[in-house]
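Subject: Structure for you to look over

Hello,

I am passing on the structure below, followed by notes on what turned up in it. Please read the notes with the model open.

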Amino acid sequence: MIGRALSRVSLVTLALVAPALTTVIVAPANVHAQTPRDSVVATVNEFFRAMQANDLAASQRVMLADGDLYASRRDGDSLIVRRATFASHFDRLRAARDTIIERMWDPQATVIGIVATVVAPYDLYYNGKFSHCGVDAFTLVRGAHGWVITSVSYTVQPTGCPPNPLGPPKR
């Protein structure tokens, strides 16, 4: 008798809960889920957006506070590498009066667990004028609040740049 009562309760419970379970199971299939690759590329694009807008708070959300920037350029046969910190980048944003537009295309993203890289060609415009192009290489880690950039290495090439498939930047 107790077994039958439990069976009826179980069936009634299942009948009441099943539509909700179906909704939970079906709903995610209808929502476009962002892949880890999409997430890391979106984080890098947010870095560019924040830099263009001189948005310090947004930059601090996507960049590890004590990260590093490495700029490399050729000078004849020599390679010059300049190091800066994210703190100096934040200082520049605090005092920013200039507009920097940096755009990447064809990003190659690799995600392995909580570590990711994004490598892509880019061009950079300073106050509306072309400055240089090169290749960006971002390293990111996934923390409790999403992906953050831990370091950026990039090349600086003032001439001989490939055309950006995005065309000229929109002002």
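Phenylalanine 48 and phenylalanine 138 are both buried, where buried means under 20% relative accessible area, exposed over 50%, and partly exposed in between (1.4 Å probe, protein chains only). Before going further, the ground rules: this is a predicted model, in which local features need pLDDT of at least 70 and side-chain atom pairs count only at pLDDT 80 or more, while totals for chains, interfaces and linings use all residues. Residues are numbered from 1 along each chain as its sequence is written, and side-chain values use heavy atoms, with hydrogens and water left out.

Aromatic pairs

A pair of aromatic rings is described by the distance of the centres and the angle of the planes. Rings of Phe, Tyr and Trp (its six-membered ring) pair if their centres lie within 6.5 Å; planes under 30 degrees apart count as stacked, over 60 as edge-to-face and the rest as tilted. The count by this rule is 5 aromatic pairs. Helices (H or I, at least four residues) and strands (E, at least two) are DSSP runs, numbered from the N terminus. Phenylalanine 47 counts as buried because its relative accessibility is 4%; phenylalanine 138 is buried as well, with a relative accessible area of 1%.

The pair of phenylalanine 48 and phenylalanine 138 is also edge-to-face, because the ring centres are 5.9 Å apart and the planes are at 80°. Here too helix α2, which holds phenylalanine 48, is tied to strand β6, which holds phenylalanine 138, and the parts are 90 residues apart in sequence.

Disulfide

How many disulfides does a search of the whole structure find? The search finds 1, a disulfide being a pair of cysteine sulfur atoms within 2.5 Å. Cysteine 133 is joined to cysteine 161, with 2.2 Å from S to S. The link of cysteine 133 and cysteine 161 is left-handed, with -90° about the S-S bond. Cysteine 133 is in strand β6 and cysteine 161 in the segment after β7, so the pair links distant parts of the chain, 28 residues apart. Cysteine 133 is buried at 3% relative accessibility, whereas cysteine 161 is partly exposed at 26%.

Salt bridges

There are 5 salt bridges in the structure, each a side-chain nitrogen of Lys or Arg within 4 Å of a carboxyl oxygen of Asp or Glu. Glutamate 46 and arginine 49 form one of them through their side chains, at 2.9 Å from N to O. These two residues are separated by about one helical turn, because they are 3 residues apart in helix α2. Glutamate 46 has a relative accessible area of 24% and is partly exposed, as is arginine 49 with 38%.

Arginine 49 also meets aspartate 55 in a salt bridge (3.1 Å, N to O), and aspartate 55 is partly exposed at 23% relative accessibility. Glu46, Arg49 and Asp55 are therefore linked in a network of salt bridges.

A further salt bridge joins the side chains of aspartate 68 and arginine 83 at 2.6 Å, N to O. That pair links distant parts of the chain, with aspartate 68 in strand β1 and arginine 83 in strand β2, 15 residues apart. At 18% relative accessibility, aspartate 68 is buried.

Largest pocket

The largest pocket has a volume of about 530 Å³. Of the 24 residues lining it, Leu69, Ala71, Arg82, Leu124 and Tyr154 are the closest to its centre. Elements that give two or more residues to this lining are α2 (36-52), β1 (63-75), β2 (78-85), α4 (86-94), β3 (100-104), β5 (115-126), β6 (129-143) and β7 (146-155). β1 provides the largest share, 5 residues.

On the terms: on a 1 Å grid over the protein atoms alone, a pocket is an open set of points where a 1.4 Å probe fits, with protein on both sides within 12 Å along at least five of seven lines, and lining residues have an atom within 4 Å of a point. A volume is the space filled by probe spheres set on the points, which are joined across faces, edges and corners.

Regards
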